2 protein chains.
Amino acid sequence: MSESNAVLIGRKPVMNYVLACITLFHGGAKEVNVKARGRSISQAVDVVEVVRRRFLPDVKIKKIGIGTEQMAPREEGGTPTNVSTIEITLEH
Amino acid sequence: MSESNAVLIGRKPVMNYVLACITLFHGGAKEVNVKARGRSISQAVDVVEVVRRRFLPDVKIKKIGIGTEQMAPREEGGTPTNVSTIEITLEH
């Protein structure tokens with residue numbers, strides 16, 4: 001799958017990301033990858049649920065993966081912190 | 001799977017739920033279900049990642065499911081709200 005079909009969830013309103021997913025599918029994408037880290041993980045689930053239940057009922061969840069990423073320390077000499085990640089693959 | 005092996009994620013510190021999972025596995029559980037709703041979904045992923053990476057590397061993720069639950073309105077005559085859910089099944 002091309003990485004260009006990834007939607008990275010940040011701090012914007014859920015509907016922005018829902019629209020991004022719908023636009024990708026309407027543009028012919030067969031798969032869309034919804035990715036998030038840390039506190040945005042809950043929002044990633046919200047985005048997927050709204051896409052499937054309100055807009056594109058034919059879209060299925062192909063795979064859900066979770067993991068951990070190590071973030072570089074914020075200041076020099078600090079300790080790196082771990083952050084959880086999620087990746088939800090949707091297919092049309 | 002028995003529902004008694006469910007760990008419901010709320011607003012306590014992550015380590016409380018990590019300990020609950022470890023206790024269930026040490027007590028002989030073959031599967032543990034980590035469940036969360038709304039903003040706690042991110043924390044559910046944190047709990048699973050800490051259990052697997054720091055304490056029980058033999059534990060595998062069997063299944064991850066997401067969904068939507070309708071919550072009753074807070075006041076009479078209000079509209080019901082939707083909340084996203086996650087359920088992560090771990091197996092030993």
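Predicted model: local features only at pLDDT ≥ 70, side-chain atom pairs only at ≥ 80, totals over all residues.

## Chain A as a whole

Chain A holds 2 helices and 4 strands, and when these elements are read along the sequence they follow the pattern β-α-β-α-β-β. The C-alpha trace of chain A spans about 50 × 25 × 20 Å along its principal axes. Of the 92 residues in chain A, 43% count as buried, and the accessible surface of the chain comes to about 5400 Å², with 49% of that area belonging to carbon and sulfur atoms.

Among the contacts in chain A that have a separation of 6 or more, 68% are accounted for by residues 24 or more positions apart.

## Helix α2 of chain A

Helix α2 of chain A covers residues 41–55, which makes 15 residues, and from its first C-alpha to its last it reaches 21 Å, close to the 21 Å expected at 1.5 Å a residue. Because 11 of the 15 residues of α2(A) are buried, this helix is largely enclosed by the rest of the structure. The buried residues of α2(A) are Ile41(A), Ser42(A), Gln43(A), Ala44(A), Val45(A), Asp46(A), Val47(A), Val48(A), Glu49(A), Val50(A) and Val51(A).

At 37% relative accessibility, Met15(A) counts as partly exposed. Leaving aside neighbours within four places in sequence, Met15(A) is in contact with Val50(A), Arg54(A) and Phe55(A), while its C-alpha lies 9.5 Å from that of Asp46(A), a residue 31 positions away in sequence.

## Where chain B meets chain A

Which residues of chain A does Glu49(B) touch? Glu49(B) is found in helix α2 (residues 41–55) of chain B, and with a relative accessible area of 3% it is buried. Not counting residues up to four places away in sequence, Glu49(B) touches Ile66(A), Gly67(A), Thr68(A) and Ser84(A), together with Arg54(B) from its own chain. With Thr68(A) there is also a polar contact, made from side chain to side chain at 2.4 Å.

Val48(B) has its place in helix α2 of chain B too, and its relative accessible area of 0% makes it buried. Once neighbours within four places in sequence are left aside, Val48(B) is in contact with Ile66(A) as well as with Val34(B), Ile61(B), Ile88(B) and Leu90(B).

## Other residues of chain B

Phe25(B) has its place in helix α1 (residues 14–26) of chain B, where it counts as buried at 5% relative accessibility. Its contacts, not counting residues up to four places away in sequence, are Lys30(B), Glu31(B), Val32(B), Leu56(B), Val59(B), Leu90(B), Glu91(B) and His92(B).

Asn5(B) is found in the segment before β1 (6–8) of chain B and is buried, with a relative accessible area of 16%, a value that falls under the 20% limit for that class. The side chain of Asn5(B) reaches the backbone oxygen of Glu31(B) at 3.3 Å. Beyond residues up to four places away in sequence, Asn5(B) touches Leu24(B), Ala29(B), Glu31(B), Val32(B) and Asn33(B).

Lys60(B) belongs to strand β3 (residues 60–71) of chain B, and, with residues up to four places away in sequence not counted, it touches Thr89(B), Leu90(B) and Glu91(B).

| Pair | Apart in sequence | C-alpha to C-alpha distance |
|---|---|---|
| Phe25(B) and Glu91(B) | 66 residues | 8.8 Å |
| Val48(B) and Ile61(B) | 13 residues | 8.6 Å |
| Lys60(B) and Leu90(B) | 30 residues | 5.7 Å |

Key:
Residues numbered from 1 in each chain as written. Chains lettered and ligands numbered in written order. Heavy atoms only, no water. Buried < 20%, exposed > 50% of the residue type's maximum accessible area, 1.4 Å probe, protein only. Contact = heavy atoms within 4.5 Å. Areas by Shrake-Rupley, 256 points an atom, 1.4 Å probe, with all protein chains shown as cover. Polar contact = N/O pair within 3.5 Å; in protein donor to acceptor, adjacent residues only side chain to side chain. Expected span 1.5 Å × (residues − 1).
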